[in-house]
Amino acid sequence: MREVAVFGLGFVGLPLALSLAMRGCRVTGVDIDRHHVEATNAGVTHLREACGGVTIREILRRELEAGRFRATTDPAEGMQAGDIIITVGIPVLDGEPEPYPLTSCLEAVAAGLRPGHLVLVRSTLVPGMMRELVMPALEKSGLAAGNDFYLAYAPERIAEGRAFEEFRHMPVLVAGVNQASIERAEALLRVVTEAEIVRGSSFEVVEAAKLVENISRDVNIALVNELARFTRALGVSIFEVVRLANTHKRVHLLQPGPGVGGYCLPNALHYLRPKARQLGVTVELLETARRVNRNMPRYIADLVLRHLPVPPGRARVGVLGLAMKDYSNDARQSPALDVVAYLEHAGVEVRAFDPVVPRAFPFQVESVETALRGAHGAVILARQEGIEFYDLATFADLMDPAGPFIVDTKNVYGNPGVGYPGLRIISL
């Protein structure tokens with residue numbers, strides 16, 4: 001039985017650890033959050049993932065009972081495994097990547113590193129970081145990468161909500177400090193991955209490729225978000241324009257929305273920018289795209305404010321969906337939170353409902369009814385199971401009768417749009 005340790009049990013680490021366990025590995029998950037570890041060992045997780053119709057909570061319970069998975073806060077326990085996977089991320093603080101969580105993890109791994117270990121990093125990194133930060137930190141153990149232990153990089157490429165499927169079917173990029181490290185990493189990756197494993201010529205090329213993947217989506221979304229202002233002024237639907245344009249076989253526009261959130265896309269530019277500055281390279285297009293997406297929540301809030309039938313200080317607005325994307329419970333860097341902040345700054349009373357985002361904000365309420373009762377307007381910021389968006393009769397009955405409206409940023413009501421007497425639908 002292959003023994004593997006996964007350092008970091010978040011949105012990436014826990015599904016990856018369970019994917020390995022389901023395929024017969026004995027997996028130790030290591031995390032610094034004691035409460036999270038205790039909950040995980042009790043079979044509790046708030047992640048919204050599933051594999052073959054089986055929820056991640058049920059998978060976790062099964063693997064715990066089978067003895068193939070357990071979580072711990074003790075790095076030394078994880079270092080008893082022969083294969084070490086690091087999924088610890090790098091937060092962005094004030095626009096700059098903060099590597100401390102990763103460096104702290106690397107120190108713990110280095111303290112227990114033994115000859116023959118494989119260390120496989122699956123986090124998103126600043127280009128150059130594998131060679132300039134990760135390798136030196138691990139070699140403080142006194143062991144040499146490529147000689148005494150194997151070192152490789154294979155950034156995750158999953159989308160939240162599809163982790164189990166994409167760990168299995170998404171092609172993987174891999175680079176190593178030497179050929180032997182690549183081969184050792186591929187053997188571990190093959191435990192779960194059935195798709196192509198693509199070798200990069202260096203750490204740097206794979207680090208850059210991972211960022212380019214995320215930045216390309218950020219730029220694509222910025223394009224349609226910018227065009228949404230034009231099409232709105234033109235009096236046509238941006239969603240219909242995108243749908244028609246995408247009938248061209250060489251065009252693939254993404255969908256506009258209230259902004260770009262989560263841990264991956266908004267941070268990608270911030271990971272690339274330090275190396276670009278170091279190299280004296282400007283990235284004006286990327287900076288502009290990030291600014292367009294960052295400004296979308298203000299645009300959405302202004303759209304709501306313009307249609308209020310009363311002054312903002314007397315207005316109440318219902319918000320439906322707080323997650324950073326549709327069908328997610330992840331509110332990290334969610335544009336919905338920025339929309340709420342702008343509305344509250346204008347004096348609006350906000351009541352927000354999301355059935356799967358944990359209650360963590362003072363404006364969250366327990367039901368659609370509470371969010372919409374007496375509201376002068378509403379704004380849809382994320383699709384979620386558990387919100388009956390098409391029950392417009394109930395919406396109209398709950399909302400203030402003085403010109404109620406819904407700003408639909410997710411094209412829930414389609415083109416040309418579903419209506420209801422007395423209730424205006426305002427598309428992005």
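**Group meeting: a walk through a predicted model**

Leaving aside neighbours within four places in sequence, Arg217 is in contact with Leu254 and Leu265. Arg217 sits in helix 9, which runs over residues 203–234. Is Arg217 buried, exposed or partly exposed? Arg217 is partly exposed, with a relative accessible area of 42%. For a sense of distance, take Val6: the C-alpha atoms of Arg217 and Val6 are separated by 28 Å, and the two residues are 211 residues apart along the chain.

Next, strand 1. This strand covers residues 3–7, and Ala5 lies in it. The relative accessible area of Ala5 is 0%, and the cut-off for buried is under 20%, so Ala5 counts as buried. What does Ala5 touch, if residues up to four places away in sequence are not counted? The list is Thr28, Gly78, Ala81, Asp83, Ile84 and Ile85.

Now the nonpolar cores. The largest one has 42 residues, and those with the most contacts inside it are Ile86, Val109, Val134 and Leu151. Which helix gives the most to this core? That is helix 6, residues 129–139, with seven residues.

Leu151 shows what such a position looks like in detail. Not counting residues up to four places away in sequence, Leu151 touches Val119, Met130, Val134, Met135, Leu138, Ala145, Gly176, Val177, Ser181 and Phe203. There is also a second, separate core, of 37 residues, and among its members are Ala154, Ile158, Phe167 and Leu189.

Leu189 and Ser181 bring us to helix 8, residues 179–189, where both are buried. Why do they line one face of the helix? Seen down the axis of helix 8, the buried residues fall within an arc of 160°, so one face holds them.

On to the second largest pocket. Its volume is about 280 Å³. The lining is made up of 16 residues, and those nearest the centre are Pro266, Arg290, Arg294, Gln333 and Asp338. Which elements give two or more residues to that lining? They are helix 11 (265–279), helix 12 (284–306) and helix 13 (335–345). Helix 12 gives the most, with four residues. Sorted by class, the lining of this pocket has six nonpolar, seven polar and three charged residues.

Last, two backbone details. Tyr327 is not a glycine, yet its phi is positive, at about 55°. Where does Tyr327 lie? It lies in the loop between strand 13 (316–320) and helix 13, and helix 13 is one of the elements that line the second largest pocket. With a relative accessible area of 44%, Tyr327 is partly exposed. Asn411 also has a positive phi, of about 60°, although it is not a glycine. Asn411 is found in the loop between strand 16 (405–408) and strand 17 (424–427).

Note on methods: Residues are numbered from 1 along each chain as its sequence is written. This is a predicted model: local features need pLDDT of at least 70, side-chain atom pairs count only at pLDDT 80 or more; totals for chains, interfaces and linings use all residues. Side-chain values use heavy atoms; hydrogens and water are left out. On a 1 Å grid over the protein atoms alone, a cavity is a set of points where a 1.4 Å probe fits but cannot get out, and a pocket is an open set with protein on both sides within 12 Å along at least five of seven lines; lining residues have an atom within 4 Å of a point. Grid points are joined across faces, edges and corners, and a volume is the space filled by probe spheres set on the points. Ala, Val, Leu, Ile, Met, Phe, Trp, Tyr, Cys and Pro count as nonpolar, Asp, Glu, Lys and Arg as charged, and the others, Gly among them, as polar. A nonpolar core is a set of buried Ala, Val, Leu, Ile, Met, Phe, Trp, Tyr and Cys residues joined through side-chain atoms within 4.5 Å. Buried means under 20% relative accessible area, exposed over 50%, partly exposed in between (1.4 Å probe, protein chains only). Contact means heavy atoms within 4.5 Å. The arc is that of the directions from the helix axis to the C-beta atoms.
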